[in-house]
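Take a look at the fold below. Start with the overall layout, then follow the helices one by one.

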Amino acid sequence: TAGTDAANPSRIVTSLEVEYTDLNHATTAGAKTLYKRIAHAAHTVCGPNHSRSVKVMSDYRRCVKEAVNAAVEKVGAPTLTALHQGGSLRQATG
C-alpha cells in the first residue's frame, strides 16, 4: 500500500505486510526467522540502493532502520524485541 507522510506530504510511504502466523515468535528460532523477514521487507520497501551519493545511502539506511524499528514495535513480542535490541534472548523468554 502507499500513502503520504503527514509531516512531509510530498514523501510517499510504502508498506509491505510480513506474514508470521506460521511462526512461534516466542522461540529464538521463530524470532530470528521473523526478524529476517522484517529486514527483507524493509530493504524491499526502502527500494534498491545503487547510488554512490552519501545522502541517498544515508536516507536508505535510515529508512531501513525506521521500518525495522516500527515493525518490531508493532509485533510487540519480547523475544523479537530482545533480538532487535541485541539483548539477551534468555531475558526475554525467561
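Predicted model: local features only at pLDDT ≥ 70, side-chain atom pairs only at ≥ 80, totals over all residues.

Residues are numbered from 1 along each chain as its sequence is written, and side-chain values use heavy atoms, with hydrogens and water left out.

The chain holds 4 helices and 2 strands. Helices (H or I, at least four residues) and strands (E, at least two) are DSSP runs, numbered from the N terminus. Along the sequence, the pattern is β-β-α-α-α-α. Of the 94 residues in the chain, 21% are buried. Buried means under 20% relative accessible area, exposed over 50%, and partly exposed in between (1.4 Å probe, protein chains only). The chain exposes about 6,700 Å², and carbon and sulfur atoms supply 55% of that area. Accessible areas come from the Shrake-Rupley method with a 1.4 Å probe; for residues, only the protein chains shown count as cover.

Turn to helix α1, residues 28-45. Its 18 residues, at 1.5 Å a residue, should span 26 Å, and its end C-alpha atoms are 25 Å apart, which agrees. The expected span is 1.5 Å times one less than the number of residues. Gly30, Ala31, Leu34, Ile38, Ala41 and Ala42 are buried in α1. Seen down the axis of α1, these buried residues fall within an arc of 105°, so they line one face of the helix. The arc is that of the directions from the helix axis to the C-beta atoms. The face turned away from the buried side of α1 carries the exposed residues Ala29, Lys36 and His40. What covers the buried residues of α1 includes α2 (54-75) and α3 (78-85); contact means heavy atoms within 4.5 Å. Gly47 follows α1, with a positive phi near 85°.

Next comes α2. At its start, a side-chain oxygen of Ser53 reaches to within 3.3 Å of the backbone nitrogen of Lys55. This is a polar contact: a pair of N or O atoms within 3.5 Å; within protein, one must be able to donate a hydrogen and the other to accept it, and residues adjacent in sequence count only if both atoms are side-chain atoms. Which residues of α2 are buried? They are Tyr60, Val64, Val68, Val72 and Val75. Seen down the axis of α2, they fall within an arc of 90°, so they line one face of the helix. The face turned away carries the exposed residues Val54, Lys55, Glu73 and Lys74. Arg62, in α2, is partly exposed, with a relative accessible area of 44%. Gly76 follows α2, with a positive phi near 70°.

In α3 sits Thr79. Thr79 is buried, with a relative accessible area of 3%. A polar atom of its side chain lies 3.1 Å from the backbone oxygen of Ala26.

Now the core. The largest nonpolar core has 12 residues in all, among them Leu23, Leu34, Cys46, Tyr60, Val72 and Leu80. A nonpolar core is a set of buried Ala, Val, Leu, Ile, Met, Phe, Trp, Tyr and Cys residues joined through side-chain atoms within 4.5 Å. The largest share of this core, 5 residues, comes from α2. Not counting residues up to four places away in sequence, Val72 touches Tyr35, Ile38, Leu80, Thr81 and His84. In soluble globular proteins, nonpolar side chains tend to be buried together.
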